[in-house]
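Visitor: Hi! I'm new to this one, so could you show me the structure and walk me through its pockets?

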Amino acid sequence: MAEKKIILTGDRPTGRLHLGHYVGSLMRRVEMQNSGLYDETYILIADDQALTDNADNPGKIRDNIINVMLDYLSVGIDPAKTTICVQSALPALHALTFYYLNLVTTSRLSRNPTVKAEIQMRGFAEEGLPAGFFTYPVSQAADITAFDATVVPVGEDQLPMIEQTREIVERFNRTYGETLVMPKALIPENETQRRLPGVDGKAKMSKSLGNCIYLSDSAKAVKKQVNGKMFTDPLHLRIEDPGHLEGNVVFAYLDALCRDEHFAEYLPDYANLDEMKAHYCKGGLGDGTCKKFLINILEERLKPIREAREKWAADIDTVYDILREGTQKAVEKTNATLARVRKAMRIDYFDSRVIVKEWEALLRQTNQ
Ligand code: TRP
């Protein structure tokens, strides 16, 4: 039997999703969901993972589950094609994590570059590092393998998690026999889509830095972020001055989002982004014009998302049912994997009574 093609991704429900999530992963998930090329598609709302650094604030996680749900549904995640579920309601994930923890070393975990950066950012190096946070890549390996995922579409910062997962799969299968499916990461080909900078030019969008454009932002709020905060080129003082693209956030966003058709529609002076860039570098193209063009492109994307969000937000009962039913399906899927794992590990004591015969034989032998 040919291996099924299964997609699994997830997000921590710690806040509303932003443009960085959108170009880095969400956009691609919708395309893949609609491509018809995959047998099953799952999205996991990783509330347990979110708790690993929010243990004292479970209310924040609880509140943001609805925000993330609305973000998913409004960008076009279709519950008829994609199963959306909540991590904490899937007991198989907890059990798998516990077994996988035995297959990784603490030194391997401490080399994970994404976790290292997060430890720095959260001040855990000084305050003390929660063991649950330190080991969350192992729980993420449980997420991925529990769904038999073959493809994990993620942003670039998640590559170390997939690498860690692949090592666990390799080690598990070598130790207990071929049981787990080997997953592959899928990151955007477009380099700026992999890691969209914040509007201020900082490496990443982050709520605490106030440099995000949220999928749920009003047109006015988007305009304010672009016109008021977006970093361009400090050397480009007058329109005639030559401009620079390096570190220029307006052009980074255009790289990630603009297509040739956008020029015909909003900026017909140029046929494509290369022409526009050439003029900017030579001098004579103002930041105001570039920003206006970007705002038009952003609006074209965000308006339908905003409108869909309003519709879903008016029917939270349905949103709840989608999540409940998706989670129910995911319980079954992940329990099946756990049963396979327990069997491979020979800890499936209560799936049948065969062990009674084994124990009897064992006792007969030792009594002889
Ligand atoms: N670590 C991911 C993030 O911070 C969220 C996540 C949890 C995830 N489980 C996953 C992503 C499984 C992909 C697959 O965004």
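Predicted model: local features only at pLDDT ≥ 70, side-chain atom pairs only at ≥ 80, totals over all residues.

Visitor: Great. What volume does the largest pocket have?
Guide: The largest pocket has a volume of about 1500 Å³. It is lined by 50 residues, and the closest to its centre are R12, H21, E118, D157 and K204.

Visitor: Which elements give two or more residues to that lining?
Guide: Those are β1 (6–11), α1 (19–35), α6 (113–122), α9 (136–146), β4 (151–153) and α11 (191–194).

Visitor: And which one gives the most to the lining of the largest pocket?
Guide: That would be α1, with six residues.

Visitor: How many of the lining residues there are nonpolar, polar or charged?
Guide: The lining of the largest pocket has 17 nonpolar, 18 polar and 15 charged residues.

Visitor: Let's turn to the ligand. Where is the space it takes?
Guide: The ligand takes the space of the largest pocket.

Visitor: Which residues surround the ligand?
Guide: Around the ligand are L8, T9, G10, R12, A46, Q49, Q140, D143, I144, V152, V154 and Q158. By class, this shell divides into five nonpolar, five polar and two charged residues.

Visitor: What about Q140 and D143; which ligand atoms do their side chains lie 2.8 Å from?
Guide: For Q140, a polar side-chain atom lies 2.8 Å from a nitrogen atom of the ligand. For D143, an N or O atom in the side chain is 2.8 Å from a nitrogen atom of the ligand.

Visitor: How much of the ligand's accessible area does the protein cover?
Guide: On its own the ligand has 370 Å² of accessible area, and the protein covers 91% of that.

Visitor: New topic! How much space lies in the second largest pocket?
Guide: The second largest pocket holds about 310 Å³ of space. It has 14 lining residues, with I65, V86, Y320, L323 and R324 nearest its centre.

Visitor: Which elements supply at least two residues of that lining?
Guide: Both α3 (58–75) and α17 (316–344) do, and α17 gives the most, with six residues.

Visitor: And how does the lining of the second largest pocket split by class?
Guide: There are nine nonpolar, two polar and three charged residues in the lining of the second largest pocket.

Terms used:
Residues numbered from 1 in each chain as written. Heavy atoms only, no water. 1 Å grid on protein atoms, 1.4 Å probe; cavity = no way out; pocket = protein on both sides within 12 Å on 5 of 7 lines; lining within 4 Å. Points joined across faces, edges and corners; volume = space filled by probe spheres on them. Helix = DSSP H or I, 4+ residues; strand = E, 2+ residues; numbered from the N terminus. Nonpolar A, V, L, I, M, F, W, Y, C, P; charged D, E, K, R; others polar. Near = heavy atom within 4 Å. Polar contact = N/O pair within 3.5 Å; in protein donor to acceptor, adjacent residues only side chain to side chain. Areas by Shrake-Rupley, 256 points an atom, 1.4 Å probe, with all protein chains shown as cover. Sits in = over half its atoms within 2 Å of the grid points.
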